[in-house]
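Q: Please take a close look at the pockets of this model. I would like one connected account of what lines them.

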Amino acid sequence: MGLCQNTVKRFSTAIMGAKSKGRMPRHKKKSWKKQVNISEVEEYLDDVRLQERFGGLVADKESSDMFIVDSKPEVLKPDVSLQQRRPRKPKVDQDNLRCFQNLKGLPGAKVPVKTRVIKDKRPAFVKAKTKKKKTKNAINALHIHDAVQKKEATEKKQLPKDPWADDQDSDVDDWTEVGATHLRRLRMDGRVRRPLYMRVKTSLLPAVETPHAGQSYHPEAGDHAALLEKAVQVEHRKEADFQRWERQTTAKFPSVRPTESDWVKEMSGGLQDDHDEKGDDEKSATGPLVRRVPKPKTKQQRRKMRERKVTERHRLAAIDTRRTENEVFRVRTLARELREQAARTAERQQRRAVRRSARAEQPLTLGRHRYEAAPLEVSLSDELPGSLRNVRTEGDLLQERFKSLQRRNVIEPRVRTTQKKQLKRKRFDRITGSEREPNKLKTERNL
């Protein structure tokens with residue numbers, strides 16, 4: 001019985017095929033990879049590789065490359081036709097031997113799967129901004145390249161001349177030509193270009209400012225008076241600043257300390273008035289306060305209130321409609337308002353541009369210290385010299401240049417710092433009561 005069952009199993013296996021690898025869902029990618037039949041694809045790729053080994057794909061070749069049209073019959077000589085001669089072997093091309101084809105490499109078959117293209121999912125305004133930035137950078141790079149090319153072309157034309165030659169138009173010697181080539185190569189390859197950010201000015205102020213006309217050794221009366229007026233305004237600002245600090249600090253604190261009687265008077269202020277007011281309130285009150293409850297409205301009062309609301313709503317709607325219809329007759333008024341608004345906008349923009357230009361000439365806040373202008377160099381009327389021999393030196397050139405760098409935002413404002421001297425501490429040995437001796441104390445100082 002067991003033998004018959006084994007025979008039936010083998011027979012059924014031969015008929016139905018090999019045992020399956022287990023059930024798997026066909027709508028999953030895992031089943032595609034394990035149950036898909038790729039034998040046809042492999043046969044196709046093997047066929048393509050075989051055709052490439054034997055001269056390329058047959059589908060890409062033309063008929064003239066594979067077949068020859070015989071239009072003329074072969075004419076044989078009588079003596080040749082009677083003789084049976086062995087055909088000649090074709091001449092072997094030593095460069096394209098089949099045994100060396102693998103050394104040249106194969107182009108490979110084309111992949112049947114198309115390449116996946118990843119789309120740019122950025123918003124449109126981001127793409128436009130990136131494209132605009134790239135275009136601007138490309139234009140700047142092109143301008144810089146053109147400027148460099150023009151400069152190099154100008155330098156190439158200016159060849160060094162031989163200073164010892166009798167005639168400047170004579171031919172350059174061999175050693176001079178070698179030197180000129182070397183110099184040209186150094187100028188072209190050894191140039192160190194300044195970065196772009198160094199070309200941007202940090203301030204609109206000039207590096208060397210022209211002094212005031214009133215600071216001359218022999219100024220005119222008007223210029224000297226204008227300089228004195230400027231110095232007076234500076235002193236007025238200093239005095240106003242000092243007075244402001246005095247009001248905010250010293251003036252808020254009394255110079256005389258308040259006494260005890262002043263304190264009692266200040267603390268008892270308003271007590272008597274409160275007592276009188278309290279008595280008046282007690283006299284005016286005749287009884288306990290009773291909360292008044294409003295009476296409920298009747299149906300007639302509610303109906304009239306609703307009618308008043310509807311009437312008011314209709315009235316406001318009619319006013320809006322009438323105002324909207326009358327807007328047609330306000331064309332000239334609206335045009336005048338638009339012109340006035342445009343004029344105000346232009347004036348505001350002009351004032352803003354003036355403030356911006358004025359702010360561009362002021363020093364920026366680059367550090368924790370503020371910029372402090374150097375004191376104005378002024379000579380009074382009796383201090384003016386009569387000639388250059390009697391001119392007195394005023395100011396410091398190094399300090400003026402240092403202040404100019406700070407004013408033009410080249411360096412940050414700086415303040416001179418002084419290092420405080422730290423004294424060494426004295427050290428004493430601690431002595432217990434048993435070690436203490438009368439009228440004696442050990443003292444040491446660590447040097």
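A: In sorting lining residues, Ala, Val, Leu, Ile, Met, Phe, Trp, Tyr, Cys and Pro count as nonpolar, Asp, Glu, Lys and Arg as charged, and the others, Gly among them, as polar. On that basis, the lining of the second largest pocket divides into six nonpolar, six polar and four charged residues. A pocket here is an open set of points on a 1 Å grid over the protein atoms alone, where a 1.4 Å probe fits, with protein on both sides within 12 Å along at least five of seven lines, and a lining residue has an atom within 4 Å of a point. The model is predicted, and totals for linings use all residues, whereas local features need pLDDT of at least 70. Residues are numbered from 1 along each chain as its sequence is written.

The second largest pocket holds about 370 Å³ of space, a volume being the space filled by probe spheres set on the points. Of its 16 lining residues, Gln215, Ser379, Val391, Arg392 and Glu394 lie nearest its centre.

The largest pocket has a volume of about 1,500 Å³. It is lined by 39 residues, and Ala373, Ala374, Pro375, Leu376 and Arg407 are the closest to its centre. Two elements, α9 (221-248) and α14 (397-407), each give two or more residues to this lining, helices being DSSP runs of H or I with at least four residues, numbered from the N terminus. The largest contribution, eight residues, comes from α9. By class, the lining of the largest pocket comprises 15 nonpolar, 10 polar and 14 charged residues.

Methods:
Predicted model: local features only at pLDDT ≥ 70, side-chain atom pairs only at ≥ 80, totals over all residues. Heavy atoms only, no water.
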